[in-house]
Structures are given as structure tokens and as C-alpha cells.
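Please read the following explanation alongside the model shown here. It takes up a loop position, then a helix pair, then the domains.

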Amino acid sequence: MALSHAILAALNDRACSGYDLAKRFDGSVGFFWNATHQQIYRELTKLEEQSQIEAQLIEQEHRPDKKIYTLTEEGEELLRSWIETPSTVSPIKDDLLVKIFAGTIVSPQTIVAELKHHRIQHLESLHTYQAIADRFFPDRSQFSDVGRYQYITLRQGIRIETEWLAWCEEAIELLES
């Protein structure tokens, strides 16, 4: 997957400015596809040059003009084609796992401290995801078409964080015994 696909997916939901897209990215797609605001702006320029998106210039008084980006038919077709193409499982790239793999060269307490540090981060992520679920999906018996897919994605994030927490506890217990 490329950043372009993540941007097209975000714009598929609704048109927005680059600034608003970057902010929305932080609170949605950004949970599973990391990109800086600078990378997003560069990619928006490329997508516009490739006619995957188009921009409407909005003049503003006392503020810089802004562009509102929308998906073009070509962009929607590219997104559709990408979605229809089977994906492969992404390889795991995780610093913590490499540290633990080579953990015998430090004290077990060093690895336990790192695990506890990660446990806190995963707990914070889990609380964030649960708050999103409670705020945007209070009635889980009824979903809009868009909401159903967003909720499925959110549930995977919740499951991943829950499993990370369980694994951290198990690893800490093994290293402290």
C-alpha cells in the first residue's frame, strides 16, 4: 500500500482541504498508516498532477486561500482497483521484538522496563480506540454503510491493542519469574 491509497481512501469519505485532511488523517487512517503532514501535502500535489484528485481554490479574506480536494472518477477507479487486488500480509517491523530477541545481552529488568513502557502506550491506544467506539458508534446494532466498515477497522485496532497488552503481561511474568 502507498500513501496515495490512504489519501484516496480518506477523500472517498468526503472532500476537504489539505489541512483538514492531515488533521482527519491523524484521527482515522493515521492510526494504521503513519504519515507526516508534509508527506500528505506532497502526495496531494502528485495525486492532483495525476488527475486522481482535483482541487477547488477557495478564496478567503484575511487568511491564505485554500484548496478543497475531491476524488475524481480516475481516483475512485484507482482506489476501487487497489481494493479489489488481494493484499499480502505486511511483515512485522517492531523495535521491541528485536530488542527482546537479543535481550540476553542486558539485564531482564531492562527488558521488563521496556515492556512496561510499551504496555502503557498500548493501554493509551486502547483507551483512545474505545473512546472513539463509544463516541461514534454508540448504537452498535445499526450502522450506516460507511460506519460499518469504519467500525470493523476500529474493532481490529481494539483487538490488536488488547492482544499487545496480554502479551506484555505474559512476557513480563516470564522475565520476572
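Serine 144 lies in the loop that links helix 6 (108-136) to helix 7 (145-176); helices here are DSSP runs of H or I with at least four residues, numbered from the N terminus. The model is predicted, so local features need pLDDT of at least 70 and side-chain atom pairs count only at pLDDT 80 or more, while totals for chains, interfaces and linings use all residues. Residues are numbered from 1 along each chain as its sequence is written, and side-chain values use heavy atoms, with hydrogens and water left out.

Serine 144 has 46% relative accessibility and therefore counts as partly exposed, the class between buried (under 20% relative accessible area) and exposed (over 50%), with a 1.4 Å probe and protein chains only. From serine 144 to isoleucine 111 the C-alpha to C-alpha distance is 44 Å, at a sequence separation of 33 residues.

Helix 2 (residues 18-26) packs against helix 3 (residues 37-49) at about 130 degrees, and their axes are 10 Å apart. Axes are lines fitted to C-alpha atoms over the stretch in contact, and angles run from 0 to 180 degrees between N-to-C directions. Helix 2 and helix 3 are therefore oblique to each other; angles under 35 degrees count as roughly parallel, over 145 as roughly antiparallel, 65 to 115 as roughly perpendicular and the rest as oblique. The contact (heavy atoms within 4.5 Å) includes Leu21 and Phe25 of helix 2 and Ile40 and Leu44 of helix 3.

Domain 1 covers 3-84 and domain 2 covers 95-176, with bounds from an automatic or database domain assignment. Taken over C-alpha atoms, the centres of domain 1 and domain 2 are 28 Å apart.

Note on methods
Helices (H or I, at least four residues) and strands (E, at least two) are DSSP runs, numbered from the N terminus.
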